[in-house]
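Student: Could we take a close look at one part of this protein? I'd like to go through its salt bridges slowly.

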Amino acid sequence: MSTANDDEINRGGVCTSERVRLLQDTVVSVRVGRGQDIESWSLHRSLLTHHSPYFVAGLNDTPRRSTLHTIKLPEDDPDAFALFVQWLYTGRIAARRDKLPDVVCHAWVLGEKLQCPAFQDRVMCRLLACHVSEALNEDTVRLIYEISPPGSRLRAFAVDQFFWNRAENTSVPQQIGVAGVMAVVDFNKDLLERLCDIDTVAVNPYEDGMRYMKVLDYGAGKVK
């Protein structure tokens, strides 16, 4: 369980006088995406490095007062990075309804790359909130398994959610096609592995959200 001091370190947003001082530093340019989809942000260096070891490494050889440095993230999703920027400055995540849940899944994977577990936890809270009353659809399950590594908490949620909705009969054919998701080889393997563990087949992902958290308290981080 996090201590109060840990929670302060892990919380996003410029919410204290100490955090406000991070905005006194120089800004750097971050370019995300490729081709016509590239988006650029001018972000405070100290805020980036406060939360992300990835940016610490990327800016390590850059003079402190340099305003010319650009970090490029061509492989990443601009909409997902926009959520990271939102979290950096406000501590909140509010994705557009028409972009859910895909952008949230991409944001979780981005957080893994940026080595920012607190952001990942906030993203996971948003994903849980989106699916309390409806199952992940087949396309989302496929996406999760395409972009996340084996053994990740994101994959664990997909498996838990599948079993829970099947057990509770909340899943309907239009939302998730069993034959379709079973065609995702790694998902199929994870399902079979879970079936061998009889005690955890039908975990309620919404009551046991701490299973997917890295540093935050799920109860405190829930998105209403």
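Student: Which side chain does Arg155 meet in a salt bridge?

Tutor: The partner of Arg155 is Asp186, at 3.7 Å from N to O. A quick word on the background: this is a predicted model, where local features need pLDDT of at least 70 and side-chain atom pairs count only at pLDDT 80 or more, while totals for chains, interfaces and linings use all residues. Residues are numbered from 1 along each chain as its sequence is written, and side-chain values use heavy atoms, with hydrogens and water left out. By salt bridge I mean a side-chain nitrogen of Lys or Arg within 4 Å of a carboxyl oxygen of Asp or Glu.

Back to the pair: Arg155 and Asp186 meet in a salt bridge. Arg155 sits in helix 9 (residues 153-168) and Asp186 in helix 11 (residues 185-195), so the two tie together parts 31 residues apart in sequence. Helices here are DSSP runs (H or I, at least four residues), numbered from the N terminus. Arg155 is buried, at 6% relative accessible area, and Asp186 is partly exposed, at 34%. Buried means under 20% relative accessible area, exposed over 50%, and partly exposed in between (1.4 Å probe, protein chains only).

Helix 9 has another residue to look at. Asp160 and Arg211 also meet through their side chains in a salt bridge, 3.1 Å from N to O. Asp160 belongs to helix 9, and Arg211 to the loop between helix 11 and helix 12 (218-221), 51 residues apart. Asp160 is buried at 0%, while Arg211 is partly exposed at 36%. Through shared partners, salt bridges join Asp160, Arg194 and Arg211 into one network.
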